[in-house]
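Try each task before you read its solution.

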Amino acid sequence: MLCAISGEPPQIPVASKKTGNVFEKRLIEAYIAENGRDPVTDEKLSTDDLVELKASNTVRPRPPTLTSIPSLLSVFQNEWDALALESYTLRRQLTQTRQELSTALYQHDAAVRVIARLSKERDEAREALSGISVHKGPATNGDAMQLDNPGLSSKLIANVEATQARLSKTRRKRPVPADWVTADALNTFAPTENSSTSFPNARSLAVNASCDSILLGGSHGKIGVYSIQEEAITEELNAGPAQVTATLWIGTKAVASTSTGNVKMFESGQETASFSGHSGEATAIASHPSGDILASVGVDKSYIFYDLTTNTIATQILTDSALTVAAFHPDGHLFAAGGIDGQIKMFDVKTGTNAANLESTGPIEAISFSENGTWLASAAKGFTSVSVWDLRKAAVIHTIDIASPIWALQWEYTGQFLAIAGPSGLVVQHYSKSTKEWSEPLKSAMPSLAVGWGLNASSIYCLDTEGSVTTLTPQ
């Protein structure tokens, strides 16, 4: 008989009534006093459950004292018994801990596998969704998705085609007007007038076709109509409580977009139309050359075309990135939208298909089509250079570095001069068709948020960071 705890023959053997295990009496009683359980099966156990077993009687000597070797051996025996009991308990606890750790590691591995599978399924679903096109016709949209609307009406499509045919036919042969500004005249441009009143928090500037009024967009939905002749704000419009993000003129109609996603149109001081198709901030707006289509882009990754003949939403296209800037091609058959992903996305106006993507160096801050019909200027947020793209090659043909971040770009009507505005001032670049060379006839150290050309490009209007309009003219 061996003790189940110490593994040695017991001096006073006892057995458990419940399990039949044999123990040394002093060891099992000490274990029960501390834990109240069977050390082998972990069942509840008390001293009443122990049965003393009969064994050969041996005469035990009287207890020794610590002054003799036998007494020391007895003490060592007691210590050994305690160590044996502790070692047994530690072995049991170690076994249980290993089992619990093994179970936890298995559950963790299973959870990681489930997460990896779900992530893969999510990515596959997103990839499949980005390629879906939902519309009536058989054409697909590539990375763009048309939302639940009928698309451009046949009347608008015919208008787009007629506008393209009319404008592209004469664009190459169009002469430069005789009274147009020259590079030599631009050399003499200097600030001559500042508006007497500022328009607080103004972020956008738009010059109308007759070059007698400027539209300014400010905070709290305020839109100011600045008279160039009177050099003051002559009329204020209200687009709601939000920040005005962009403004433009369509004939005599003033249009503005807001940070709440609304696009509003005004005429003769009265609101004539209001659209709320974006689910977030509407960041930019653009007008089609025909004057019948208005476009807006937003942080909700979509662009919207509005039918101005009926004042309704014509179509809404979802892209793969939040959009920051917008512009129509001068012929009206292409629509460009710049995104925070660094792409300038070119769309067919009639079908909404993604015609091409131009890769830039960062989130797009500004774009502007040249009136020659083949060039596009773009600037990335935080970068100091302007890229001039040839749309026929989908490649950069010229880079202009002004050594300062860029906020706005604007070609003038003839496509010779490109105005570049930023925190360090205004720069005008000139491209000579005869020599095919670039030059810089104007550089002004006047910080400009936005820029616009005046009549015959004989003046330049800049919006500074204080909300004042500054006019540059020949001296």
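Two strands pair if DSSP finds at least two bridges between them. Helices (H or I, at least four residues) and strands (E, at least two) are DSSP runs, numbered from the N terminus. This is a predicted model, where local features need pLDDT of at least 70 and side-chain atom pairs count only at pLDDT 80 or more, while totals for chains, interfaces and linings use all residues. Residue numbers start from 1 along each chain as its sequence is written, and side-chain values use heavy atoms, with hydrogens and water left out.

**Exercise 1. Work out how strand 8 sits between its partners.**

Step 1: start with strand 7 (residues 213-217), which runs antiparallel to strand 8 and is joined to it by five bridges. Gly217 faces Ile223 of strand 8.

Step 2: look at the turn. Four residues lie between strand 7 and strand 8 in their hairpin, and His220 has a positive phi near 55 degrees there.

Step 3: go on to strand 9 (residues 232-238), which pairs with strand 8 in the antiparallel sense over six bridges. Here Val225 has Glu235 as its bridge partner in strand 9. The hairpin of strand 8 and strand 9 also has four residues between the strands, and Glu231 takes a positive phi near 55 degrees.

Step 4: check the cover. Five of the six residues of strand 8 (residues 222-227) are buried, where buried means under 20% relative accessible area, exposed over 50%, and partly exposed in between (1.4 Å probe, protein chains only).

**Exercise 2. Describe the two open sheets of four strands.**

Step 1: take the sheet with the order 18-19-20-21, whose pairing is antiparallel. Its edges are strand 18 (323-328) and strand 21 (354-359), each pairing on one side only. Neighbouring strands are turned by 20 degrees against each other on average, direction ignored; axes are lines fitted to C-alpha atoms, for helices over the stretch in contact, and angles run from 0 to 180 degrees between N-to-C directions.

Step 2: Strand 19 (residues 334-339) and strand 20 (residues 343-348) run antiparallel with five bridges, and Leu334 stands opposite Asp348 in strand 20.

Step 3: turn to the sheet ordered 22-23-24-25, again with antiparallel pairing. Strand 22 (364-369) and strand 25 (395-401) are the edge strands, each with pairing on one side only. From one strand to the next, the twist averages 25 degrees.

Step 4: five bridges hold the antiparallel pair of strand 22 and strand 23 (residues 375-380). Phe369 is set opposite Leu376 in strand 23.

**Exercise 3. Is the protein chain compact or spread out?**

Step 1: tally the elements: four helices and 32 strands.

Step 2: apply the globule rule, 2.2 Å times the number of residues to the power 0.38, with the radius of gyration taken over C-alpha atoms. For 475 residues the rule gives 23 Å, but the protein chain has a radius of gyration of 42 Å, well over that, so it is more spread out than a compact globule.

Step 3: check the box. Along the principal axes, the C-alpha atoms fill roughly 135 × 55 × 45 Å.
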